[in-house]
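Subject: Structure for you to look over

Dear colleague,

Please keep it open while you read, as the notes go through it part by part.

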Amino acid sequence: EQKNYVGRVVIGTVHGDHHDIGKNLVAIMLEGAGFEVIDLGADVPGRKFLQALREYQPDILGLSSLLTTTMPKMKEVISLLETEGLRSKVKVMIGGAPVTVEYANQIGADGYAPDAGSAVELAKNLCRK
């Protein structure tokens, strides 16, 4: 339906974290760049991410965390994807104030973005791969 359709992204803030301003900004900018965005909101349990992946079959899963205490939930979601055999079917990008590229590499994410503009570029690059 979209002429310049780039890809589909499921995005959400991980369980235990209610911060969503950064995630919302990323979602808006992704939509502006031609992505279809399914926003699961904040405080999203791992199982809900799994359900959304099965239902929408996105190109990218975007995980956000603004608290250092909830960052391990990102790793839990990636582990859940591996357990359920879905990891190879989706690119995972992560972001949030305490998140670093080192952390992304450590937990096996496909990419990290420090801000919304970078997230759009990262998503475009991940969809080309």
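Does Glu55 count as buried or exposed? At 57% relative accessibility, Glu55 counts as exposed, where exposed means over 50% relative accessible area, buried means under 20%, and partly exposed is what lies in between, with a 1.4 Å probe and protein chains only. Glu55 sits in helix H2, helices being DSSP runs of H or I with at least four residues and strands being runs of E with at least two, numbered from the N terminus. From C-alpha to C-alpha, Glu55 and Thr100 are 29 Å apart in space and 45 residues apart in sequence.

Before going further, please note that this is a predicted model, in which local features need pLDDT of at least 70 and side-chain atom pairs count only at pLDDT 80 or more, while totals for chains, interfaces and linings use all residues. Residues are numbered from 1 along each chain as its sequence is written, and side-chain values use heavy atoms, with hydrogens and water left out.

Two helix pairs

Two packed helices are described by the angle between their axes and the distance between the axes. For helix H2 (residues 46-56) and helix H3 (residues 71-83), the axes come within 9 Å and cross at roughly 50°; axes here are lines fitted to C-alpha atoms, for helices over the stretch in contact, and angles run from 0 to 180 degrees between N-to-C directions. That angle makes H2 oblique to H3, because angles under 35 degrees count as roughly parallel, over 145 as roughly antiparallel, 65 to 115 as roughly perpendicular and the rest as oblique. The crossing of H2 and H3 is right-handed, a term used if the near helix is turned clockwise from the far one by less than a right angle, with anticlockwise giving left-handed. Gly46, Arg47, Phe49, Leu50 and Leu53 on the H2 side meet Val77, Leu80 and Leu81 on the H3 side, contact meaning heavy atoms within 4.5 Å. The residues of this contact divide into 6 nonpolar, 1 polar and 1 charged, where Ala, Val, Leu, Ile, Met, Phe, Trp, Tyr, Cys and Pro count as nonpolar, Asp, Glu, Lys and Arg as charged, and the others, Gly among them, as polar.

In the other pair, the axes of helix H1 (residues 21-32) and helix H5 (residues 116-128) come within 9 Å and cross at roughly 50°, and H1 and H5 are therefore oblique to each other. H1 passes H5 in a right-handed crossing. Leu25, Val26, Met29 and Leu30 in H1 meet Ala116, Gly117, Ala119, Val120 and Ala123 in H5, and the residues of this contact comprise 8 nonpolar, 1 polar and no charged.

The nonpolar cores

The largest nonpolar core has 26 residues, and those with the most contacts inside it include Phe49, Leu81 and Ile94; such a core is a set of buried Ala, Val, Leu, Ile, Met, Phe, Trp, Tyr and Cys residues joined through side-chain atoms within 4.5 Å. Two or more residues of this core come from each of H2, strand S3 (60-64), H3, strand S4 (91-95) and helix H4 (101-107), with H3 giving the largest share, 6 residues. Apart from this core lies another, of 17 residues, among them Phe35, Ile60, Ala116 and Ala123.

Single residues to look at

Thr13, in strand S1 (residues 7-13), counts as buried at 0% relative accessibility. Leaving out residues up to four places away in sequence, Thr13 touches residues including Asp43, Phe49 and Ser64. Asp43 itself is found in the loop between strand S2 (35-39) and H2, is partly exposed with a relative accessible area of 24%, and has a positive phi of about 55° although it is not a glycine.

Gln57, in the loop between H2 and S3, also has a positive phi, of about 45°, without being a glycine, and at 63% relative accessibility Gln57 counts as exposed. Arg8, in strand S1, is partly exposed, with a relative accessible area of 24%, and touches Gln57 among other residues more than four places away in sequence.

With best wishes
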